[in-house]
Amino acid sequence: MMCVAALMIACSNSTQTDAVVKNPFVRVENGQFVRGESPYYYVGTNFWYGAILGSTGRGGDRERLGKELDQLKSIGINNLRVLVGAQGLDDEPARVQPSLQLNPTEYNDTILDGLDYFMAEMAKRDMLAVLYLNNSWEWSGGYSIYLQWAGMGKAPVLLTDGWDKYQPYVKEFLRNDSAQALFAKHVDFILNRTNRYTHVKYVDDPSIMAWQIGNEPRAFAEETKEPFANWLASVSAQIKSIDKNHMVSIGSEGIWGCENDSTLCAKIHADENVDYITCHLWPYNWSWAHQETLKEDVEQSCRNTKDYIAQHTAMGTALKKPVVLEEFGYPRDGMLYTPGSPTTARDEFYKYVFSLIVEDSQNGGPFAGCNFWAWGGFANPAGHTEFPFWQPGEDYTGDPSQEAQGLNSVFAEDKSTLEIIKNAVTQFSK
């Protein structure tokens, strides 16, 4: 711990001591990630609930957090994609609880403390975090809550109100100056924070790999594509103006999240303040695979996956930026939720995805990292049958609150999946 703390203190003065201290921050050089003086490739996971688990209040469990981080480290996972915190009051069944930003000027200090503790624990283990600040989906507030705070009326909930009410509402975030201004203040607040455990400013913390604008930010409509690109450019410039040390990423699903417009996807990732390209893969959500034929649909899902990844590696090559597949998942066999239940189809899909990434990197391509969705670790899902969604007081499994708990999670009991992940770590590190 003393060595990590010393390194962090040195980083806060890195501009004066470059000749003595090697740059500890992950950065892009010649189209690839570099950490210290070495290329950086990683297999990571999504661990959005890290700050909540690190808190001492409702939802917190520091003993479990330590156990989860140790387990992840033991299988070679050193990179976690994490939600900074949710926005809005804890009054919606479809939203993460407890929330971080209760209203535009009020923060839950218990969750801020949890974020600080979580980052300190990651630093002890030499793990890196990608911290995302917003969300286009309602499960952590994001777009819709900022619009609600800006006076646009009560935000519809996708789970209960449906797409036809949700989509026309949230797209207006890209054209609402007041909502965007509220988010900009949130960015300022978080980036200017000092960790109360390490006493290191967040902008000087090498345990942060990158700031991310949001989880799957979308334009949501043809007419909001240009405002979408303009907003992303504004936020990335804002982050870079505050923090000279860390990379910035968008959190985009890639072409799918750009209304299937590859030109728009290339445009937002070409921005000078965006350091690398992100993409996501969801065969079941995107109707490449179906509930009744999950195993049979793996082959088609893999074909579509190959094409989708190829589009983004071509983009990475053209823009001379690394590519990260920061979300990919596949349901458990039979749409089951419980730890240890069969994952035959998922395992086959995971193997294929890892093989494409390893092959690309070993052939000099731009692929540099991936984060599977999502880590459920030692969670014990409640096992609902009629309504299998998260309820207050239950364990966090990796699946967000509005989705079936455990369906896309990788648990500590999923031995076959863990072996595939460990093998990918070994191959990808070569």
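Trainee: In which helix is the place of G316?

Mentor: Helices are DSSP runs of H or I with at least four residues, strands are runs of E with at least two, and both are numbered from the N terminus. G316 has its place in helix α11, residues 298–319. This is a predicted model, in which local features need pLDDT of at least 70 and side-chain atom pairs count only at pLDDT 80 or more, while totals for chains, interfaces and linings use all residues. Residues are numbered from 1 along each chain as its sequence is written, and side-chain values use heavy atoms, with hydrogens and water left out.

Trainee: Is G316 buried or exposed?

Mentor: A residue is called buried under 20% relative accessible area, exposed over 50% and partly exposed in between, with a 1.4 Å probe and protein chains only. G316 has a relative accessible area of 1% and is buried.

Trainee: Which residues does G316 touch?

Mentor: A contact means heavy atoms within 4.5 Å. Leaving aside residues up to four places away in sequence, G316 touches I277, K321, V323 and P366. G316 and A270 are 46 residues apart in sequence, with a C-alpha to C-alpha separation of 9.5 Å in space.

Trainee: Which residues touch the most other members of the largest nonpolar core?

Mentor: A nonpolar core is a set of buried Ala, Val, Leu, Ile, Met, Phe, Trp, Tyr and Cys residues joined through side-chain atoms within 4.5 Å. The largest one here has 112 residues, and W48, L80, L325, F328 and I421 touch the most other members. Helix α12, residues 344–362, gives the most to this core, with eight residues. A second, separate core has twelve residues, V26, Y42, A210 and Y276 among them. As for L325, its contacts beyond four places away in sequence include C279, H280, I309, V353, I357 and F367.

Trainee: How many residues of strand β5 are buried, and how do its two faces compare?

Mentor: In a regular strand the side chains alternate between the two faces of the sheet. In β5, residues 79–83, five of the five residues are buried, so the strand is largely enclosed by the rest of the structure. Both faces are covered, with N79, R81 and L83 buried on one side and L80 and V82 buried on the other.

Trainee: In which sense does β5 pair with β4 and with β8?

Mentor: Two strands pair if DSSP finds at least two bridges between them. Strand β4, residues 42–46, pairs with β5 in the parallel sense over two bridges, and R81 in β5 is the bridge partner of N46. Strand β8, residues 128–132, also runs parallel to β5, and five bridges join the two; N79, for instance, has L128 in β8 as its bridge partner, and V82 has L131.

Trainee: What covers the residues of β8, and with which strand does it pair over four bridges?

Mentor: β8 is mostly covered, with five of its five residues buried. L128, V130 and Y132 point one way, whereas A129 and L131 point the other way.

Trainee: What is the order of the strands in the open sheet of three?

Mentor: The order is β1-β2-β3, with antiparallel pairing. β1 (27–29) and β3 (38–39) stand at the edges, each with a single partner strand, so one side of each is left without a neighbour in the sheet. Three bridges join β1 to β2, residues 32–35, and R27 stands opposite V34.

Trainee: What volume has the largest pocket?

Mentor: Its volume is about 720 Å³. The lining has 28 residues, with N285, P400, Q402, E403 and N408 nearest the centre.

Technical notes. On a 1 Å grid over the protein atoms alone, a cavity is a set of points where a 1.4 Å probe fits but cannot get out, and a pocket is an open set with protein on both sides within 12 Å along at least five of seven lines; lining residues have an atom within 4 Å of a point. Grid points are joined across faces, edges and corners, and a volume is the space filled by probe spheres set on the points.
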